[in-house]
Amino acid sequence: VRVRAPASPAAAKPPAQKNIAFVIDRSGSMSGPPLEEAKRCVMQIIDSMAPTDCASIIAYNNRVDVVAPLQPVADRAALKALIGAIGAGGNTALYAGWHAGAQSLDDIAHGTGISRVLLLSDGQANNGLTEPVAIAAQCAAFATRGVTTSTCGLGHDFNEELISAMAQAGGGTAYYGETAEDLIDPMQQELDLLSVLFARRLRLTV
């Protein structure tokens, strides 16, 4: 079975608005290069977004902080300054951090734009809900409401089981890398493709 979109119209439509919740793991296990590369990756993506695209910034360890509520990325310098100030320490309430990012997009997800949580973490959840199956189920529930999830596993000892399960259930993609350069190109390709989707939430019943 092949599902194909119709031919593109002669008059190209403007790209769909992207609404991205960047969820950054700042726990102690991310200290050093993993956190710095995660921050650098987010900054590079923000630089590539259109001024009318929207972003929220969530940082978590055992506590979740909304560093920046959902807003247009017109003032990139201000957003990047907030990201640069994020420091590491504490335990890893991964589910709570991801959930805060998903909730920041929930109200806008029913519009015509694309709403996606981008979680950057080593996946070493040890605070609050930690069971991969249960967390993945929550990712799937938000995906049915239009908020999808992609994940970025950073460092040498990331939890591949959890990172992969969240992305698969959340309708997104799981990435792995040690530097921003490892992540930025495939992530940017994904975001570009999201902007020109013809149809979403397709279901085939046989």
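Select Asp-47 and Lys-80 to start: the two form a salt bridge, with their closest N and O atoms 3.0 Å apart. The pair connects distant parts of the chain, since Asp-47 belongs to helix α1 and Lys-80 to helix α2 (residues 76-84), 33 residues apart. Asp-47 is partly exposed, at 41% relative accessible area. Lys-80 is also partly exposed, at 26%. Keep in mind during the tour that this is a predicted model.

**Along helix α1**

Stay on helix α1 and select Glu-37 and Arg-40. Their side chains meet in a salt bridge of 2.6 Å, N to O. Why are these two separated by about one helical turn? Arg-40 and Glu-37 are three residues apart in helix α1, and that is why about one helical turn lies between them. Colour the two by accessibility. Arg-40 is partly exposed, at 31%. Glu-37 has 15% relative accessibility and counts as buried, because buried means under 20%.

Now select Ala-38, which is found in helix α1 (residues 33-48). Is Ala-38 buried or exposed? With 0% relative accessibility, Ala-38 counts as buried.

**Helix α3 and its partner**

Move to helix α3, residues 94-106. The helix has 13 residues and reaches 18 Å from its first C-alpha to its last, close to the 18 Å expected at 1.5 Å a residue. Several residues of α3 are buried, among them Leu-94, Tyr-95, Trp-98 and Leu-105.

Select Asp-106 next. This residue is buried, with a relative accessible area of 18%. Its salt-bridge partner is Arg-145, and the closest N and O atoms of the two are 2.7 Å apart. Arg-145 lies in the loop between α4 (132-143) and β5 (147-154) while Asp-106 is in helix α3, so the pair ties together parts that are 39 residues apart in sequence. Arg-145 itself is partly exposed, at 34%.

**Salt bridges as a set**

How many salt bridges does a search of the whole structure find? The search finds seven. For another part of the set, select Arg-26, Arg-63 and Asp-65, which are linked in a network of salt bridges.

**The cavity**

The structure holds one cavity of 30 Å³ or more. The space in this largest cavity is about 50 Å³. To find its position, select the lining residues: Ile-45, Arg-116, Leu-118, Ser-150, Tyr-175, Met-187, Glu-190 and Leu-191. Which elements each supply at least two residues of the lining? They are β4 (114-121) and α6. Of the elements, α6 gives the most, with three residues.

**A patch on the surface**

For the last stop, select Val-1, Val-3, Leu-202, Leu-204 and Val-206, and show the surface. Together they make a nonpolar surface patch of about 680 Å². Leu-202 is found in the segment after α6. Val-206 is also placed in the segment after α6 (180-194). Leu-202 is exposed, with a relative accessible area of 62%. Val-206 counts as exposed at 99%.

Draw a distance between the C-alpha atoms of Leu-202 and Val-3. These residues are 199 residues apart in sequence, and the C-alpha to C-alpha distance is 9.5 Å.

Key
Residues are numbered from 1 along each chain as its sequence is written. This is a predicted model: local features need pLDDT of at least 70, side-chain atom pairs count only at pLDDT 80 or more; totals for chains, interfaces and linings use all residues. Side-chain values use heavy atoms; hydrogens and water are left out. Patches are made of residues with over 30% relative accessible area and no salt bridge: like charges are joined within 9 Å, nonpolar side chains (Val, Leu, Ile, Met, Phe, Trp, Tyr) within 5 Å. Accessible areas come from the Shrake-Rupley method with a 1.4 Å probe; for residues, only the protein chains shown count as cover. A salt bridge is a side-chain nitrogen of Lys or Arg within 4 Å of a carboxyl oxygen of Asp or Glu. Helices (H or I, at least four residues) and strands (E, at least two) are DSSP runs, numbered from the N terminus. Buried means under 20% relative accessible area, exposed over 50%, partly exposed in between (1.4 Å probe, protein chains only). The expected span of a helix is 1.5 Å times one less than its number of residues. On a 1 Å grid over the protein atoms alone, a cavity is a set of points where a 1.4 Å probe fits but cannot get out, and a pocket is an open set with protein on both sides within 12 Å along at least five of seven lines; lining residues have an atom within 4 Å of a point. Grid points are joined across faces, edges and corners, and a volume is the space filled by probe spheres set on the points.
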